[in-house]
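The structure comes first, and the notes follow by topic.

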Amino acid sequence: MPELQAQLDVVLKLQEKFEILKSDYYKNANETEFSEAEAALDSIEEDLQNLEVSLKTSINKLKYDVEYLKGQNIDSSAKDAHTANIDQPKRAPIKLPEIPLPLFNGKFEEWNLFKTQFNSLINENAELSEHEKLHYLRGCLKGEAKTIETSDDDFTSLFKALEQRYENKSYCRLSHKKHSQFPSNETRIR
């Protein structure tokens with residue numbers, strides 16, 4: 001498990017460096033250069049995010065497996081008592097701490113990671129209703145991202161509105177350029 005955590009740390013550092021390089025590229029590239037490199041940049045970013053989610057999932061699964069196996073290691077006298085009473089219920093595995101839901105505050109560079117994590121934890125969970133998914137999604141939105149939701153939204157419409165906003169490449173470029181010109185100014189583009 002320490003090896004996976006070390007790999008995750010490396011991936012997180014790579015993501016930070018990649019975001020800095022990408023931001024610098026947005027500032028300096030003209031429209032033609034950006035259009036040519038956009039698909040490659042998006043692919044790299046998605047690969048890094050998928051790797052992060054995969055490593056986090058593996059780490060959490062290993063933690064769960066270790067705790068479960070610890071619960072299964074019963075000393076021999078307990079085993080004898082257990083076999084004497086077969087009707088006795090099995091001991092439940094130790095419950096691990098819950099994985100916190102990701103938060104999204106409207107930063108374009110954090111959208112893909114948020115979307116991947118949210119889909120993995122909530123959207124792909126068949127046990128949750130659409131109403132519950134909407135509740136969780138609204139709870140994850142902060143700051144500028146919160147302004148997108150309306151009282152009429154259902155889960156699908158709100159998630160689609162977020163995708164349309166934060167996967168809009170020209171809007172993303174405009175936002176990067178605005179924020180790079182005015183880094184301390186929290187200007188919202190409408």
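Glu52 lies in helix H2, which covers residues 31-72; helices are DSSP runs of H or I with at least four residues, and strands are runs of E with at least two, numbered from the N terminus. The model is predicted, so local features need pLDDT of at least 70 and side-chain atom pairs count only at pLDDT 80 or more, while totals for chains, interfaces and linings use all residues. Residues are numbered from 1 along each chain as its sequence is written, and side-chain values use heavy atoms, with hydrogens and water left out.

**Glu52**
- Glu52 is buried, at 2% relative accessible area (buried means under 20%, exposed over 50% and partly exposed in between, with a 1.4 Å probe and protein chains only).
- Its side chain makes polar contacts with the side chains of Gln15, at 3.1 Å, and Lys56, at 2.8 Å (a polar contact is a pair of N or O atoms within 3.5 Å; within protein, one must be able to donate a hydrogen and the other to accept it, and residues adjacent in sequence count only if both atoms are side-chain atoms).
- Beyond neighbours within four places in sequence, Glu52 is in contact with Leu8, Val11, Leu12, Gln15, Leu113 and Gln117 (heavy atoms within 4.5 Å).

**Annotated region**
- An unreviewed UniProt entry lists residues 27-61 as "coiled-coil region"; positions follow the numbering used here, feature names are shortened, and annotations may be inferred rather than shown by experiment.
- In the model, residues 27-61 are 94% helix and 0% strand, with the end C-alpha atoms 40 Å apart.

**Glu163**
- Glu163 is in helix H7 (residues 155-166) and is partly exposed, at 22% relative accessibility.
- Leaving aside neighbours within four places in sequence, Glu163 is in contact with Trp111, Lys115 and Asn168.
- Glu163 and Lys115 are 48 residues apart along the chain, and their C-alpha atoms are separated by 8.6 Å.

**Aromatic rings**
- The count is 11 aromatic pairs (rings of Phe, Tyr and Trp, the last by its six-membered ring, pair if their centres lie within 6.5 Å; planes under 30 degrees apart are stacked, over 60 edge-to-face and the rest tilted).
- Phe104 and Phe114 form a stacked pair, 5.3 Å centre to centre with 25 degrees between the planes.
- Phe104 is in the loop between helix H3 (76-84) and helix H4 (108-123) and Phe114 is in helix H4, so this pair ties together parts 10 residues apart in sequence.
- Phe104 and Phe114 are buried.
- Phe114 and Phe118 are also stacked, because their centres are 5.6 Å apart and their planes at 25 degrees.
- Phe118 is buried, at 0% relative accessibility.
- One aromatic cluster is formed by Phe104, Phe108, Trp111, Phe114, Phe118, Phe155, Phe159 and Tyr166.
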